[in-house]
Amino acid sequence: MASELKSLVAELTNAVNRKQFDNVNTLLTRAKRTLLLQNALIPTSSTDPQLLVLARETLELGALSAIRQTDAPAFTRYYQQLQPFYDLEREANNTLDTKTSQRSKITGLYLLLLLSSGDGTSFHTVLEGLVEEASLKERNVEDDPFIKYPVDLERNLMEGSYDKVWRETNSERVPSEDFALFSNVLVGTIRSEIADCSEKAYPSLPISNAKNLLFLESEGAVMEFAQQRGWTLRDGRIYFPVEPEAATRSEKDILVASSSIIENAIGYARELETIV
Amino acid sequence: MPAERRSLRSNNKPDTSSSANGEKARSGSQSSSSNKDKPATTRSAANKVKPTKAASSNIASDSGMGEQQDQSHTNGTDSTENGVNGSEDIEMDEDTAGGPTSSFNASKDRKGDQKMTVVVPPTKDSRVSGDRGQDREGDVPMEGAGGEEPGSKMDPKAKAIQDIKTNFTFLERAVTHFDPRFTLRVLRSISSMRKQITSDVLAEAIVGAYPKSSTTASLLLSAIDQAGALDDVAGSTSKMDVDNDKAKPSSKEVLPEIDTYLSILVQIHLYDRKEIQKGAKFSTGLIERLRALNRRTLDSLAARVYFYYSLFFEQIAPLPPSPAATVTSIRQPLLAALRTAVLRKDVDTQATVMTLLLRNYLSTSHISQADLLISHNQFPPSASNNQIARYLYYLGRIRAIQLQYTEAHGHLIGATRKSPSSHSARGFYQASHKLLVVVELLMGDIPDRAVFRQASLERALHPYFLLVQAVSIGDLDGFLNIVNTYSSTFRKDGTYTLILRLRQNVIKTGIRMMSLSYSRISLRDICLRLGLDSEESAEYIVAKAIRDGVIEASLDHERGFMKSKEVGDIYATREPGEVFHERIRACLSLHDESIKAMRFPMNQHRLELKSAQEARERERELAKEIQEGDIDDEDAGGDFDAI
């Protein structure tokens, strides 16, 4: 059985590297079935370490191929399945071979996935565990390039240094080709963020400047983008929609305010009644 | 001396539940409270900690017992038996010094039960008069013990044993009256007693509490390496007076509450002596036994047992931050305990176990599990204050990690306010304040300076103080310096990741400062002042700050400057009204809560009802008289007319 699995894994690696995803998917199904038969899909302390390594490798390959096929739910599933394996790895008396483990890469990809889907809560929850673990080993989370990348991106995004995010996603700073897959999503995210900010921050903006600000290739692309967001173009400038008239709003405000004041006052009176 | 004491105790034993002992307990507590300035008395220390509370509970318990007695008399015929008992048990105040007879009692009782200090025998009805004869005999050496008391106070060991015994009485009273306040009182006394507990003291207390064949006793004794104590004592007491031996079998089963109380003492003793492995083993066995019992009077004790249980396991290597920590092994039993506690509506255990589980999860940074636990469970609102404070702290921590700062802030405020300010709980106070300061900073607020001036916080919070200073002036370099200098402290406090998130807040504060001070400033200057990498970054950051509502300004891209908008008058907005409303709401809820927290004496309303009834009767009589008078006045014919 183990030898069969081994050959399967080798085939799988090959197929993933050559990006034959149809082939990969059928191979994965077969490999997972074999693992299930051997009871190695969920690791226990009594499972044969050799088998564990193979099982982990299968799942990691599955995760990577899911990312390359941009199948986020499948990737998340693989990530969750891998967790027990990684937990075993982290234990002090592990018998597993950690060298072949792609743990930090998979975790980094997961973090990036969370970041690109805007799930800050889960992102920080995962990160907190990593920081804790790293400080156990007297290290920084940032020492790991795969983890550092999403952490830096997040920090810059929160800070608002979108140009840095842009540069990170654009150049060769991406730690591995799998990480580059997220670049498009991230650029889309920052572009809409910038658009949101510009609406509030600028009264108007020349199209040529907007091109640079939004990291778009041409002025034509800017115009298309502006139309999508409903901005008005006039004399080579973008005019952002102004907020609804302040005067009408204040009138409405007064109405709302007076009713709430009346409500409050009646509330106080009632409470006083019960006290006295 | 020890032999004598032993004999005293063995005389004591059969009537621990008797009235005489109850009186003694009271007199003991009274005398010690009057001796407050004596440093040697542990009880007085306990009194000092919460003097008002202890006093009030004293009063409350007195009046409660008064009611009880009152009840038993009004109950009806069986009062005669009680009355006979009462002739001995009821201790009048000085003015009724003459030997009270039972009838006198009964009549006196109705009018003046406020004047009396009544001790109700918590005995069962099955108690026969023969027993009582023994009691009286037992009383004689007891007197001696009373006279001896000043002497025994000097000896902390004797005092500790005395205290433990007193607590037995309280526990028994708690069971018979079904009143958790007695149990709480016992638990409160533990902290003051803690220093005096040695294995000798415990062994003596255990031997005194159990018949010699008890398996529980031998179990407890073996846990403290005193397995032989039972046999030794058994051998020596068998020589003692005969009635002692007779009394022993007649003594009823030892209450599980007393078992548990002694077990807690053993746990504490083991913990103080750092016998962690042993303690863990003992606690595991103890919890097995506790799970079989279903008694509401045991709840608060069981909660304490779980607390020490988890404390032991936390200290066994591998220690918590590692994923293979020993604490993970007790999650299963704790979860089982939580389930049982919820099903039994056992609020104390539920609250304690929940906080323990949260602590457990957070120690290995399993935050998602902790979050799930919170979302699937409801924390009992009637839990004790300390448990609520703990729960709020953990909740605040989880929410802070999940970026929900506003929620985290609310919880942490609650935790710091509810945290006991006494010396022993200073660690919690500091920890919750540290977290609170960081969360406030993350929310963009600057914590009050007064926080850092408190004596109990000043030193512990010094790094945080520097941090706040850096953030409040928007000094990015200074901020990074402080983070680097104190990174080990922050890591230890578990606030490091949160503090790293502060960078953006420092920048935002800096931008806000500039927006307030300048009506127009170039992006280049902003970039220089904040120590940013490029003007481009500065532009994006300022744009984001504008969108997030941090500043009121607009940007000019072509000329590269930020122009601040005029700040409107805050009093023209609804803000002051809303703040005012908030405060009124807080005051009203404070009022509501204090009314809810008031404690009313039990059955007090009956007296009122009685007087009301009397008044009504009097009124009715009056009305009748008036009516009759009317009839007398008028003639019969008129009356008929009226009909």
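**Core.** I began with the largest nonpolar core of this predicted model. I found 183 residues in this core. I then looked up which of its members have the most contacts inside it, and noted A:Ala63, B:Leu171, B:Ile206 and B:Val542. Next I checked which element gives the core its largest share: helix H20 of chain B, residues 385-401, supplies 10 residues. A general reminder to myself: in soluble globular proteins, nonpolar side chains tend to be buried together.

**One residue up close.** I picked B:Leu171 and listed its neighbours, leaving out residues up to four places away in sequence.

**Chain B overall.** I counted 33 helices and 5 strands in chain B.

**Where A meets B.** I turned to the contact between the chains and found 40 residues from chain A and 36 residues from chain B. On the chain A side, I listed the elements that each supply at least two residues, among them helix H4 (72-90), helix H10 (183-201), strand E1 (204-206) and helix H13 (246-275). Helix H6 (120-136) of chain A is on that list too, and H6(A) gives the largest share of this side, 11 residues. Sorting the side of chain A that touches chain B by class, I got 17 nonpolar, 11 polar and 12 charged residues.

Key:
Residues are numbered from 1 along each chain as its sequence is written. Chains are lettered from A and ligands numbered from 1 in the order in which they are written. This is a predicted model: local features need pLDDT of at least 70, side-chain atom pairs count only at pLDDT 80 or more; totals for chains, interfaces and linings use all residues. Two residues are in contact if their C-beta atoms, placed from the backbone, lie within 7 Å. Helices (H or I, at least four residues) and strands (E, at least two) are DSSP runs, numbered from the N terminus. Ala, Val, Leu, Ile, Met, Phe, Trp, Tyr, Cys and Pro count as nonpolar, Asp, Glu, Lys and Arg as charged, and the others, Gly among them, as polar. A nonpolar core is a set of buried Ala, Val, Leu, Ile, Met, Phe, Trp, Tyr and Cys residues joined through C-beta atoms within 7 Å. A residue is buried if 20 or more other C-beta atoms lie within 10 Å of its own, exposed if 12 or fewer, and partly exposed in between; C-beta atoms are placed from the backbone.
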